[in-house]
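Visitor: Please take a close look at the charged pairs in this model, then follow them into their surroundings. State each cut-off where it is used.

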Amino acid sequence: MSHDEAILITEYEARKRFEDWVDESEGLCEIAGILFESSRILRELEPISYQVGFIQFIEGLKENNILVENHTYDELEDSDVPIKKHKSGFIIYDFTQKENGEK
């Protein structure tokens with residue numbers, strides 16, 4: 001996929017990726033002999049920190065041409081960027097056609 005294309009993923013998928021990233025980075029936390037996922041502790045005990053981290057994660061996805069529904073996707077609603085479906089099943093926006101003046 002070229003850098004001129006973007007993939008649209010759902011917020012659910014973005015949150016899953018974020019939580020997987022947190023869990024891989026931090027590992028499991030042990031409290032009173034019970035293991036908990038780091039993402040769960042962050043989500044339930046520090047919801048504001050969780051949301052801030054998630055928004056920063058979305059910005060990182062955006063830099064890699066991955067847009068998140070109801071977040072970065074809204075920026076494209078008024079544009080006339082053509083939509084393609086990638087073989088993976090994700091929706092792709094092809095910015096090359098717009099830049100070249102094609103419709």
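Guide: What follows starts with the charged pairs and moves on to the neighbouring elements.

The model is predicted: local features need pLDDT of at least 70, side-chain atom pairs count only at pLDDT 80 or more, and totals for chains, interfaces and linings use all residues. Residues are numbered from 1 along each chain as its sequence is written, and side-chain values use heavy atoms, with hydrogens and water left out.

Six salt bridges are present in the structure; the term stands for a side-chain nitrogen of Lys or Arg within 4 Å of a carboxyl oxygen of Asp or Glu. Side chains of opposite charge can pair when their charged atoms come close.

Helices (H or I, at least four residues) and strands (E, at least two) are DSSP runs, numbered from the N terminus. Glu11 is partly exposed, at a relative accessible area of 24%; buried means under 20%, exposed over 50%, and partly exposed in between, with a 1.4 Å probe and protein chains only. The other pair is Glu13 with Arg17, where the closest N and O atoms are 3.0 Å apart. Glu13 is partly exposed at 27%, and Arg17 is partly exposed at 28%.

A further salt bridge links Arg43 and Glu44, with the closest N and O atoms 4.0 Å apart. Glu44 has 49% relative accessibility and counts as partly exposed; Arg43, at 32%, is partly exposed. Through shared partners, salt bridges join Glu19, Arg40, Arg43 and Glu44 into one network.

Arg43 and Glu44 also take part in a helix contact: with Ser39, Leu42 and Leu45 in α2 they meet Pro47, Ser49 and Tyr50 in α3, contact meaning heavy atoms within 4.5 Å. By class, this contact has four nonpolar, two polar and two charged residues. Here Ala, Val, Leu, Ile, Met, Phe, Trp, Tyr, Cys and Pro count as nonpolar, Asp, Glu, Lys and Arg as charged, and the others, Gly among them, as polar. Helix α2 (residues 38-45) packs on helix α3 (residues 47-63) at an angle of about 115 degrees, and their axes are 5 Å apart. Axes are lines fitted to C-alpha atoms, for helices over the stretch in contact, and angles run from 0 to 180 degrees between N-to-C directions.

Tyr50 leads on to the largest nonpolar core, a group of 12 residues that also includes Ala14, Phe18, Phe54 and Leu61. Such a core is a set of buried Ala, Val, Leu, Ile, Met, Phe, Trp, Tyr and Cys residues joined through side-chain atoms within 4.5 Å. β1 (5-9), α1, α3 and β4 (66-68) each supply at least two of its residues, and α3 gives the most, with five.

Between α3 and β4, the loop contains Asn65. Asn65 has a positive phi of about 65 degrees although it is not a glycine, and at 23% relative accessibility it is partly exposed. Most residues other than glycine have a negative phi, and most peptide bonds are trans. Ala32, in the loop between β2 and β3, also has a positive phi, of about 50 degrees. Ala32 is exposed, at 78% relative accessibility.
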